[in-house]
Amino acid sequence: MRKVAIIGAGASGLMCAIHAVSSTVQVVLFDKNSFSGKKILVTGNGRCNYWNSNQDLKFYHSSDSYLLSDIITPRIQKEVLAFFESIGVVPNIRDGYYYPYSNQASSIRDLLENKAKELGVIFAFQTEVLDTFKENNQFVVCTNDGREYFDDLVIATGSKASPKTGSTGDGYTFAEKFGHTIVPVRPSLVQLVTDGKFLKDWAGVRSQATVSLYEDGKFLDQETGEVQLTDYGVSGICIFNLSHYISFDKKYTLKICFLPFLDKSSVISFFHKRNEDLGDVSLTYFLEGILPFKLLQVILKRVGVSHHATFSSLSSSKQEELISMIMEFPVTVLGTKGFDSCQVCSGGVCLSEVSLTLESKLVPHLYFIGEVLDVDGNCGGYNLGFAFMSGIIVGKVLRGDKNDSNSSNKD
Ligand SMILES: Cc1cc2nc3c(=O)[nH]c(=O)nc-3n(C[C@H](O)[C@H](O)[C@H](O)COP(=O)(O)OP(=O)(O)OC[C@H]3O[C@@H](n4cnc5c(N)ncnc54)[C@H](O)[C@@H]3O)c2cc1C
């Protein structure tokens with residue numbers, strides 16, 4: 001009987017265990033928590049957005065992103081969906097975002113754990129792996145409960161995101177001990193902390209916007225969606241998706257366009273027409289109905305014009321300044337809300353140091369799956385998606401499915 005240890009009973013570890021266990025492969029799933037999938041329970045605001053139908057690779061990020069097309073193949077994508085159907089998950093699909101029809105993340109967690117138990121996976125809960133190393137061609141797994149020997153080891157410990165769920169970055173330490181390189185780990189899908197004396201004045205506003213991100217003055221990317229303006233900076237899905245660019249050593253600025261469906265010249269004509277239609281009304285009146293009240297007050301203050309002034313009383317340069325402030329509101333990014341608040345981490349075990357079956361190129365029979373690897377995705381089900389895909393890839397290799405080297409994953 002081959003013995004496999006999986007460290008981490010999260011999304012990737014559960015999926016891997018289910019696909020690895022067989023009459024000839026014994027699987028022990030270690031987790032420091034007293035139950036499996038603690039992080040799954042908090043995903044998608046408790047509803048678990050477990051997949052996205054648009055698996056375009058542009059939604060995934062890695063320092064070795066050129067390798068992703070051989071891992072995230074159409075075949076493995078189909079297998080994830082077929083698997084969830086096979087365990088009884090009925091999807092509720094909104095704009096390509098998959099949720100369980102129950103709208104409860106616990107459904108996904110429970111069905112995965114039940115399947116693993118039914119197949120005979122051995123759970124070692126409240127068992128923290130403190131150290132692991134290779135001795136005489138076997139892996140020694142040292143826990144608070146003693147030590148055990150295994151033929152194969154899968155590191156599925158997640159990242160450092162949201163450490164209260166159990167992922168505290170231990171997998172990086174284990175990987176480094178085995179000689180692996182860790183691409184610097186930083187918070188991603190996270191709120192951005194910005195400068196600005198106005199923050200307390202706009203706190204609580206939600207607005208549709210296009211947010212452009214600049215690194216040292218150079219345009220990087222932009223996202224459109226609802227932005228939440230807060231007393232520390234900005235939040236919302238489009239901010240989360242931009243946050244994966246933020247590293248500690250560069251200067252970042254955002255330009256927020258609060259009228260995202262118009263270009264600047266249309267806004268100029270629109271404002272002049274509005275001025276004709278409304279007559280000489282105060283700027284507060286003029287802008288209300290277009291922008292949230294708290295936000296327009298902040299904008300007027302920043303431009304330095306009284307809210308009693310009228311649009312036509314402003315000099316043309318002040319009119320232009322006002323329009324620019326609405327279309328390109330500048331904020332300096334000071335940092336992120338950090339590991340406690342982020343949903344995932346960018347960085348992790350270097351992808352070029354594992355094979356297409358996610359086996360270490362340095363240590364045979366050592367595998368990495370899920371977020372511990374240097375792969376992260378946008379909001380929308382991509383991170384659980386990668387955890388599930390990588391879990392299936394390694395699980396099937398461990399079970400001995402000869403067809404599942406990733407070259408055959410491509411059909
Ligand atoms: C608030 C929040 C919302 C999210 N929403 C979504 C969403 O809707 N859709 C989406 O796709 N993604 C979402 N994510 C991201 C997604 O949850 C993760 O990417 C995914 O769970 C990673 O799976 P994993 O198996 O790699 O790691 P994890 O799920 O983090 O599991 C790792 C496990 O390893 C255990 N462990 C760690 N170290 C040890 C050790 N030394 N000994 C024993 N056990 C150990 C931990 O206790 C943990 O249970 C969200 C994340 C958060 C925090």
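The shell holds 40 residues, and G8, G10, G158, G166 and G370 come nearest. Two or more residues each are given by α1 (11-20), α2 (38-42) and α12 (382-399). Helix α12 gives the most, with 5 residues. Helices here are DSSP runs of H or I with at least four residues, strands are runs of E with at least two, and both are numbered from the N terminus.

I then sorted the shell by class and noted 13 nonpolar, 20 polar and 7 charged residues. In this scheme Ala, Val, Leu, Ile, Met, Phe, Trp, Tyr, Cys and Pro count as nonpolar, Asp, Glu, Lys and Arg as charged, and the others, Gly among them, as polar.

**Basis of the entries**

The model is predicted: local features need pLDDT of at least 70 and side-chain atom pairs count only at pLDDT 80 or more, while totals for chains, interfaces and linings use all residues. Residues are numbered from 1 along each chain as its sequence is written.

**Whole chain and domains**

I recorded 12 helices and 21 strands in the chain. Its C-alpha atoms fill a box of roughly 85 × 40 × 35 Å along the principal axes. Of the 411 residues, 44% are buried; buried means 20 or more other C-beta atoms within 10 Å of the residue's own, exposed means 12 or fewer, and partly exposed lies in between, with C-beta atoms placed from the backbone.

The chain is divided into domain 1 (2-186 + 341-410) and domain 2 (191-337), with bounds from an automatic or database domain assignment. I noted that their C-alpha centres lie 40 Å apart. The contact between them takes 9 residues from domain 1 and 8 residues from domain 2, where contact means C-beta atoms, placed from the backbone, within 7 Å. On the domain 1 side, the touching residues are 2 nonpolar, 5 polar and 2 charged.

**Nonpolar core**

I next examined the largest nonpolar core, which has 109 residues. Such a core is a set of buried Ala, Val, Leu, Ile, Met, Phe, Trp, Tyr and Cys residues joined through C-beta atoms within 7 Å. The residues with the most contacts inside this core are I6, A17, V154 and F368. Helix α12 gives the most to the core, with 11 residues. Each of domain 1 and domain 2 supplies at least three residues. Leaving aside residues up to four places away in sequence, A17 touches I6, V27, L29, A116, V121 and G395.

In helix α10 (residues 293-303) I listed L295, L296, V298, I299 and L300 as buried. These residues pack against α6 (199-202), β14 (205-215), β15 (218-229), α9 and α11 (316-327). G304 follows α10 and has a positive phi, near 80°.

I also checked G279, in the loop between α8 (264-278) and α9 (283-287). G279 is exposed because its count of other C-beta atoms within 10 Å is 10. G279 and S312 are 33 residues apart in sequence, yet 9.0 Å apart in space, C-alpha to C-alpha.

**A three-stranded sheet**

Last, I traced an open, antiparallel sheet of 3 strands in the order β3-β6-β5; strands pair if DSSP finds at least two bridges between them. The edge strands, β3 (51-52) and β5 (91-94), each pair on one side only. Strands β3 and β6 (residues 97-100) pair over 2 bridges, and the bridge partner of W51 in β6 is Y98.

Key
Near = placed C-beta within 6 Å. Contact = placed C-beta atoms within 7 Å.
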